[in-house]
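Dear colleague,

I am passing on the structure we spoke about, and I would be grateful if you would look through it alongside the notes that follow.

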Amino acid sequence: MTIMKNFDVEKYLQNGKDVYAQRENIEKLADKLSKNEYQNIVMIGIGGTWMEWYPIAEYLHHLSDFPVYLENAGELLVKKDINYLTNKSLVLTSSDSGDTKEIVAAVKYCNQKGIDVYGFTKNPESALGKLLKESINGSLAECENAYLMYFMLTLRIYQNWGYYKDYDRWADQMKQLYPNLLRFREEFEPRAQSIARKYYNAPLTMTVGSGMLWGETCMFSMCILEEMQWVRTRPVTSADFFHGALELVDDTLPVYLIKGEDEYRALDERVERFLPKHTNSFEVFDTKDFVFEGIDDDFRQICSPMIITSLLTDRLASWYQQYTGHDLNFRRYYRQFDY
């Protein structure tokens with residue numbers, strides 16, 4: 001077994017059990033919400049929470065043509081044309097701390113319009129917890145926690161609405177999620193150390209991704225490398241890579257290609273064909289390289305963001321910290337004062 005630096009295996013597996021234990025509460029809420037006649041779903045996030053809601057919205061778009069909107073909380077507060085946000089909207093949001101300013105303000109805005117908001121927060125007594133109509137109270141600190149709980153709520157609702165038939169099989173198999181993600185971490189650990197050692201002090205790093213993994217691509221770029229490591233990055237979609245970003249590619253620029261398993265994979269593969277012809281400084285993170293035990297292949301798209309967060313926002317981030325000497329918990333500006 002690989003020994004991972006700064007990682008408590010027992011704590012992680014217990015965390016997984018605690019998150020999965022929320023299934024009953026989540027399903028109870030989903031069954032209640034399913035009885036309402038909604039006209040659309042509006043998900044509200046900002047920064048990392050917006051990025052975590054992204055694959056949920058992306059996947060739901062595949063299941064039906066029921067309108068699903070993903071809103072940035074900061075933009076929602078200043079937008080003029082949001083006539084789709086009404087008391088017939090199922091509004092969902094989240095904040096681990098429960099005090100993210102833009103999220104709290106967006107929920108207050110909804111409440112003032114007579115719109116109920118449901119969501120997730122670790123602390124039910126937080127500002128957000130007190131504003132939500134109902135909340136699921138569990139830790140969102142690990143991104144896979146958020147993905148699992150968000151998918152549980154939305155896929156259960158979609159099953160009840162007749163848009164998804166595999167919820168029970170999927171949810172039952174998610175008991176095996178955390179042991180699998182632990183194994184993926186262990187498999188990736190030596191490579192994480194090697195990559196961080198090679199590229200931690202690069203003047204600029206490009207992250208490329210698409211589809212179900214676009215949120216995670218931005219998460220690693222902005223929330224990890226920029227916010228937590230002060231490493232300059234350039235996130236770009238695989239489609240847009242060939243419309244500007246490709247001109248930056250040379251051996252001085254590390255390019256991280258995050259390769260998924262949905263219909264956008266063809267776009268990722270196009271980038272993958274380009275890179276070795278023009279640079280030696282690139283890494284491909286392909287979710288297909290990591291094989292689940294006890295989880296069916298038809299659930300891989302749903303689980304793909306969970307794989308990437310295990311590899312990058314956890315293990316690679318941990319090794320960046322070792323080489324930069326910059327504590328992942330230290331911020332210069334974020335939450336340090338009012339702005």
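At 44% relative accessibility, R335 counts as partly exposed, and this residue lies in the segment after helix 12. Please bear in mind throughout that this is a predicted model. Most residues other than glycine have a negative phi. A second case of this kind is N6, where phi is near 55°, again positive in a residue that is not glycine. N6 sits in the segment before helix 1 (9–20), and with a relative accessibility of 56% it counts as exposed, because the cut-off for that class is over 50%.

As for the chain as a whole, it contains twelve helices and nine strands. Its C-alpha trace spans about 55 × 45 × 35 Å along the principal axes. For 339 residues, a compact globule would have a radius of gyration near 20 Å, and the protein chain, with 20 Å, agrees with that expectation. Of the 339 residues, 56% count as buried, and among the contacts between residues at least 6 apart in sequence, 78% join residues at least 24 apart.

Two packed helices are described by the angle between their axes and the distance between the axes. Helix 1 packs with helix 9 (residues 177–199) at an angle of about 150°, the axes being 9 Å apart, which makes helix 1 roughly antiparallel to helix 9, given that angles over 145 degrees fall in that class. The crossing of helix 1 and helix 9 is right-handed. On the side of helix 1 the contact is made by V9, Y12, L13, N15, G16 and V19, and on the side of helix 9 by Y178, P179, L181, L182 and R185. By class, the residues of this contact are eight nonpolar, two polar and one charged.

The other pair is helix 3 (residues 48–63) and helix 10 (residues 214–226), whose axes come within 7 Å and cross at roughly 160°, so that helix 3 is roughly antiparallel to helix 10. Here the crossing is left-handed. Helix 3 contributes G48, M51, E52 and Y54 to the contact, while helix 10 contributes W214, G215, C218, M219, M222 and C223. The residues of the contact of helix 3 with helix 10 divide into seven nonpolar, two polar and one charged.

Finally, there are two individual residues that I would ask you to inspect. A30 is found in helix 2 (residues 23–34) and is buried, with a relative accessible area of 0%, the cut-off for that class being under 20%. Leaving aside neighbours within four places in sequence, A30 is in contact with L153, R156, I157 and N160. A30 and T154 are 124 residues apart in sequence, yet their C-alpha atoms are 7.3 Å apart in space. S304, which belongs to helix 12 (residues 300–324), is also buried, with a relative accessible area of 1%. When its neighbours within four places in sequence are left aside, S304 is in contact with M212, L213 and T287.

Definitions and conventions:
Residues are numbered from 1 along each chain as its sequence is written. This is a predicted model: local features need pLDDT of at least 70, side-chain atom pairs count only at pLDDT 80 or more; totals for chains, interfaces and linings use all residues. Side-chain values use heavy atoms; hydrogens and water are left out. Helices (H or I, at least four residues) and strands (E, at least two) are DSSP runs, numbered from the N terminus. Buried means under 20% relative accessible area, exposed over 50%, partly exposed in between (1.4 Å probe, protein chains only). Contact means heavy atoms within 4.5 Å. Axes are lines fitted to C-alpha atoms, for helices over the stretch in contact, and angles run from 0 to 180 degrees between N-to-C directions. Angles under 35 degrees count as roughly parallel, over 145 as roughly antiparallel, 65 to 115 as roughly perpendicular and the rest as oblique. A crossing is left-handed if the near helix is turned anticlockwise from the far one by less than a right angle, and right-handed if clockwise. Ala, Val, Leu, Ile, Met, Phe, Trp, Tyr, Cys and Pro count as nonpolar, Asp, Glu, Lys and Arg as charged, and the others, Gly among them, as polar. The radius of gyration is taken over C-alpha atoms; the globule rule is 2.2 Å times the number of residues to the power 0.38.
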